[in-house]
Amino acid sequence: MPAATAEAPAGTPAGTPAATPAAAPTTAEGALLDGRRRPGYQKTLPDKVEQDNPGAVNAPPPEAFYDKWDGEGSPSDLVVDTGVPDRWRITSSLCPRKDTATGRVNTALYTLFPRLAYMCHSKLDPFHHNTLKGDRPLAAGKKPGFLKGEDWFFIANGVSDTVIEPRSFPIPVGNQTTTDPDSNDTFGRSHSLVLSQTFIAGFSLLKGETAFKPPIVEYRVAIAGNINHVEVPERRVLYVEPSKGTKRTDGFIGLQEAFIDYHLGRFDTKRFDFMSLRVGIQPFQSDFRGFLFNDNQLGVRLFGNRDNNRMQFNLAAFWRIEKETNSGLNNIAAPLRQDWILTGNLYRQDFPVVGLTSQISATWNINHDTRIVADANGFPVRPALIGDLRPRKYQVLYLGYGVDGHIGRLNLTGQIYGAFGKDRNNYLTSEPATIRAFFGAAEVSYDRNWARLRASALYASGDSNPYDKTEKGFDAIFENPQFAGADTSYWIRQTIPFAGGGRVISINGRNGILNSLRSSKEQGQSNFINPGTALVGLGGDFDLTPTVRVSTNANHLWFANTRVLQVLRNEGSIPRSIGWDLSVASTWRPKAAQNVVFRLSGAVLKAGDGFKDLFDKQGHGRQFYSVLANATLSF
């Protein structure tokens, strides 16, 4: 019988087994598995190995590896180039080089080390480590002399964007504009074709270990070149002069980015919370989905984060650059617009619930664009040819709140805005007016295996009385909404001209969702006397394979209020329904990455009573289509 491990306490009945000692609690050190590491903890090291080998050659002294070390200070500045690469190039330095005599690469080394081939790739290969992509810094002996210090990265990127777009939309005609002498209707033939090719080249030079912390300084330039060809069936669509015909080929080169980003410092050295100042032409998006302002403009921006990146902030001021008419690119040769934007926002993660990010914002748009401006095709864009045709000045403050994220498995995006300000000239009364307009949009989606099902809703207020002293129609500064199908949607993609109520005025803008009645989203001014917009939609994204996605959308659109349309058209009543916008899109990424993307979409607008009232053409203006074939190649 085994002996007891401990004596029983006094008074314990005979035969009672003695108690065993309590096991010591398991600590983090005790639970540490072999082969695992934990910061700040060091297991007991083994005994030091002593080697006694008389006659052996000693290791060379440190000065043997340096040119002129005098034994003082650190010898690291006197390293002789022995061919040992930096830590980013240890493996790639083993790759076989091209023979200067034959011009060929000897791949015999791969026979001995077959896996080495996975580390050896062309500099033009975007799918593996590449100096041109900033995966490793410029080599010490190959960077320009004016770049002091280490960790300088160079990033070059290129994008080719090809668009083929057959479409149809209501085209107003008159006696001097129709190409069909037998046509006496208000609207002519509606079919047209757009071909567009854009090339973007961007270059960045930055300093800092970018994988671990924000760069200390960054210099960035991006240039875009576009060539486009458009064919339409009627005159005075492409040019103000009827004699110039129905085809146009145009090209332009614009400067889309040119900024310096300087890292002012860190709030927290452990978490790399930082603050930076960016000056120059730079991209900026005011909210999660681009409802208010999404553009590349000249500005100054102070931004950063706090609390382990749970809080981010932006303070920015922009002075708007004129856009080129047919490409939409920045035209730095034109005078700057008298249009300024002051904005600030604050993001907070996991608020009000875990998984959601909240944003509050204030944006002040000061527009004093009183110069008379015509676009590149001769059409007036400022002031808009609507109402009294007088130049306009306005100041409007947008206060917004948005959320983006998820609650459990339910994805949620929402945005609300209130617009408050002063318009110096109501174009119907020629008197000053107060701006009071509102906007709200939300999208809810649910992921189930390879499918995402979503529901969308949007409301932008319309003006119910255009002759009073309050303008209630909501309009944005420069919208580019990623919402309800985005540019695969007919209504968002196409511009619908407003015939009979104003000259060179569109109900909505290209790549915009708001019914703003402005001359141009790119070159015109915001208009707060408009019919507003309402949308309800259902859609889904279906990942059929890792490289193929099919998306569908069914949206119904209304005018929020048609009183403005009635006044401009001099009609007693106009129904609110715009109609059904139905679209389907397929996206193919053959490399399962964003470097090669092909997209094909088709959309149709089945006109509602309001749209038919405005654009019916002898019973045939009730259905319009849009096809978008897009190929994007990126490096």
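**A tour by chat**

Guide: R236 has 32% relative accessibility and counts as partly exposed (buried is under 20% relative accessible area, exposed over 50%, partly exposed in between, with a 1.4 Å probe and protein chains only). Keep in mind that this is a predicted model: local features need pLDDT of at least 70, side-chain atom pairs count only at pLDDT 80 or more, and totals for chains, interfaces and linings use all residues. Residues are numbered from 1 along each chain as its sequence is written, and side-chain values use heavy atoms, with hydrogens and water left out.

Visitor: Where does R236 lie?
Guide: In the loop between β3 (217-231) and β4; helices (H or I, at least four residues) and strands (E, at least two) are DSSP runs, numbered from the N terminus.

Visitor: And what is phi of R236 near?
Guide: Near 65°, a positive value in a residue other than glycine. N511 also has a positive phi, near 55°, and sits in the loop between α3 (490-493) and β17 (533-545).

Visitor: Switching topic, how many disulfides does a search of the whole structure find?
Guide: The search finds 1, counting a pair of cysteine sulfur atoms within 2.5 Å. C95 and C120 are joined, S to S 2.0 Å. Their link is left-handed, with -90° about the S-S bond.

Visitor: Which parts of the chain does the pair link?
Guide: Distant ones: C95 is in the loop between α1 (28-31) and α2 (109-112), C120 is in the loop between α2 and β1 (152-168), and the two are 25 residues apart.

Visitor: Is C95 buried or exposed?
Guide: C95 is buried, because its relative accessible area is 10%. C120 counts as buried too, at 16% relative accessibility.

Visitor: Okay, which peptide bonds are cis?
Guide: One joins F351 and P352, with omega about 5°; P352 is in the loop between β8 (339-349) and β9 (356-367). Another joins R382 and P383, with omega about -10°, and P383 is placed in the loop between β11 (380-382) and β12 (394-407).

Visitor: Back to accessibility: where is L277 found?
Guide: L277 is in strand β5. At 31% relative accessibility, L277 counts as partly exposed.
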